[in-house]
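Work through the exercises below with the sequence and the model in view. Each task is followed by a solution in steps.

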Amino acid sequence: MKTTSIELSNLIFSLSDKEKREFSNSANKKIAQPDYLLLFNAYIQNGSSDENQLKSKLKLKNFERVKHYLHKQVLQYIATNSPLNTQKELMNMIIAADALFER
């Protein structure tokens, strides 16, 4: 269940600016300023994966849980918004990676 900050920051920074905006907009529609969106924006503004700096800046309860949830939400966003011809392939890769990660 432990998601490293480097993995998460690499995933977030792999998104284009348009995808980052769309992810933020879709998250804001679901819940008014969710914790995982605060963390997402902090990664973007901070520009690095320094976990101690993020923890002190945000002061979130259950930081690890929020980070893990953000990781899953970004993966789900990528899978949902990928082109149709690669969506199934991408979902299979994500499911396989998640299963290996949980071991």
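A residue is called buried when its relative accessible area is under 20%. The model used here is predicted.

**Exercise 1.** State which elements the chain has and what share of its residues is buried.

Solution. Begin with the elements: there are six helices and zero strands. Read from the N terminus, their order is α-α-α-α-α-α. Next, apply the cut-off for burial: of the 103 residues in the chain, 33% are buried.

**Exercise 2.** Classify the ring pair of Phe-23 and Tyr-36 and say which helices it connects.

Solution. A ring pair is described by the distance of the centres and the angle of the planes. For Phe-23 and Tyr-36 the centres are 6.3 Å apart and the planes stand at 65 degrees. Planes over 60 degrees apart count as edge-to-face, so the pair of Phe-23 and Tyr-36 is edge-to-face. Phe-23 belongs to helix H2 (residues 17-30) and Tyr-36 to helix H3 (residues 35-46), so the pair ties together parts 13 residues apart in sequence. Both residues are buried.

**Exercise 3.** Which residues form one aromatic cluster?

Solution. The cluster is formed by Phe-23, Tyr-36, Phe-40, Tyr-69 and Tyr-77. The structure holds four aromatic pairs.

Conventions
Residues are numbered from 1 along each chain as its sequence is written. This is a predicted model: local features need pLDDT of at least 70, side-chain atom pairs count only at pLDDT 80 or more; totals for chains, interfaces and linings use all residues. Side-chain values use heavy atoms; hydrogens and water are left out. Helices (H or I, at least four residues) and strands (E, at least two) are DSSP runs, numbered from the N terminus. Buried means under 20% relative accessible area, exposed over 50%, partly exposed in between (1.4 Å probe, protein chains only). Rings of Phe, Tyr and Trp (its six-membered ring) pair if their centres lie within 6.5 Å; planes under 30 degrees apart count as stacked, over 60 as edge-to-face and the rest as tilted.
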